[in-house]
Every structure is written in structure tokens, then in C-alpha cells.
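Dear colleague,

I am passing on the structure below, and I would ask you to open it beside this message while you read. My notes on its salt bridges follow.

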Amino acid sequence: MNATNRTPADLLSSALAADSERPLVTFYDDATGERVELSVATFANWVAKTANLLQDELSVEPGDRVALLLPAHWQTAVWLLACASVGVIADVAGDPAAADVVVSGPDPESLEAARACSGERIALALRPLGGRFAPHAPEGFTDYAVEVPGQADRFVPYAPVDPEEPALIVAGREFSGAEVVERARAEASGLGLTGPGARILSGLPYDTWEGLSAGLYGPLASGGSVVLCRHLERAEAEAVDRRIEAERVSVVAR
């Protein structure tokens, strides 16, 4: 990847320029049977729309904090890169009461915790193909799937993102955008991501650096891709073996 990349959003821009049609995130949910594959271009489009939602509709500014109460999921990966694009801090499993915006999944515990946020509350149904809540979003929440389709396909931040400013909080540790990129690059080879085309299957949660590195930042920093699996523990060993073969996985993290 380009040595001048200083933020996770830079990494995505470089991936888009290098090969926009290659797979970047392939998501499986072994509780529902869902599979969705996002190319770099498709993923980047979701990121741009979500960043526009953050900047234009939710009025967040660089330095604001967005608490992400979400599992390892392709839409969570989109939100992480959207936050990086705007320059806001993505606080994974963070305290909603200390956040300017909270983004919650559909489970009742997550939604209840999210109500502690005095700012905007966004809810994700996490249904296949980014579907909406049915019949409507939980009371007090905006349905992400309703709001994001109408956002612009191209994103330009109002102010340049400073790579030295805080960009990510996970497991209580804060990282600048530059630190995310540097650490992801440094650790990629240790994960088995040895260069473009490497493909990692990750069943790790997103609430640790290790899970984020294997499940998003490492593949992005190395020109690789990820097969991101939720509820992998529910899959039979033979099914996982078949998936590894079918998806041409070169390394597994779980």
C-alpha cells in the first residue's frame, strides 16, 4: 500500500485506486446463513454515504466521539471507516453517556445501553443486505437503513483529517489514525497477510485490537481481504473447512 497513507481512510482510498473490483469484506453469519461479499468499490460507497450521514445529518465534527455498540459485522466495518473519514473518534463498545452519537445493534441490551447517550442515536437492524427494522426503528432511534441510501456517493470532509488526532478507542486504549495504520502494517505479516491477494478468515469479535486488526485494518493495510464470520462457533468444523477452501482463505484467526 502507499507509504503516504496516514489514516484508515487513506488506506481505503489507496485500495480503491489500486483495484476497486476486488473483494474486500466477505461476511458470513452462521446464525442466519447470510453471506454478503463487498468489493472495495461497494464498501467504499457505503463508507462515503455513512460519512455524509455523520457529517451532514448528524453534524459531528472532528474530535467528537461515536460509541459503536455493534458486533463484528460488515456494517460495523463501514462505520469504523466512516468515522475515520470524518475525523471523529470511533469508540468501540464505548460508554454511550460519554459519546456525542451512539450507534447500536438491534439486541435489546445494546439498545437499552444506548439510551444513555444524550445525542443522536442510530440503530442498525443488521438484516441481510442492510435491511430496515420492521415495522419501524425502536423508539428514540433513527433507522440507519432508512437514512443512508439517500446520502451522496462521494464524501469530502469539511476539514482535513489530522492523522495524529485520536481516531479509535478499543478495549480502553486510544489510537490516533496514524497509529492504527502503523500498527496494522507492522502486524500484518504476523497475521499471515504477506501481500496483495492474501485472504484471512476471522471469527474474532471487534471489541479488541486483535479482532479489529484481523477483521479489518490488517487486510486493508496489506492489500488483502477478510472473510468476516459472526457466530463462527455455531458452524460445524466441516462447514468451516469448506468455507476456507471455497473462499481461498490463506490464514485463519479465531
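**Salt bridges around one arginine**

R35 counts as partly exposed, since its relative accessibility is 42%. Please keep in mind that the model is predicted, and that the count of salt bridges in it comes to 10.

As background, side chains that carry opposite charge can pair when their charged atoms come close. R35 does this with E37, where the closest N and O atoms are 3.1 Å apart, and E37, at 40% relative accessibility, is likewise partly exposed.

R35 also forms a salt bridge with E247, and here the closest N and O atoms are 2.9 Å apart. Because R35 belongs to strand β2 (residues 34-39), while E247 sits in the loop between α8 (237-246) and β12 (251-253), this pair ties together parts that are 212 residues apart in sequence. Is E247 buried or exposed? With a relative accessible area of 7%, which is under the 20% cut-off, E247 is buried.

Another pair to look at is R115 and E112, whose side chains meet in a salt bridge with an N to O distance of 4.0 Å. R115 is partly exposed, having a relative accessible area of 34%, whereas E112, at 53% relative accessibility, counts as exposed.

Definitions and conventions:
Residues numbered from 1 in each chain as written. Predicted model: local features only at pLDDT ≥ 70, side-chain atom pairs only at ≥ 80, totals over all residues. Heavy atoms only, no water. Buried < 20%, exposed > 50% of the residue type's maximum accessible area, 1.4 Å probe, protein only. Helix = DSSP H or I, 4+ residues; strand = E, 2+ residues; numbered from the N terminus.
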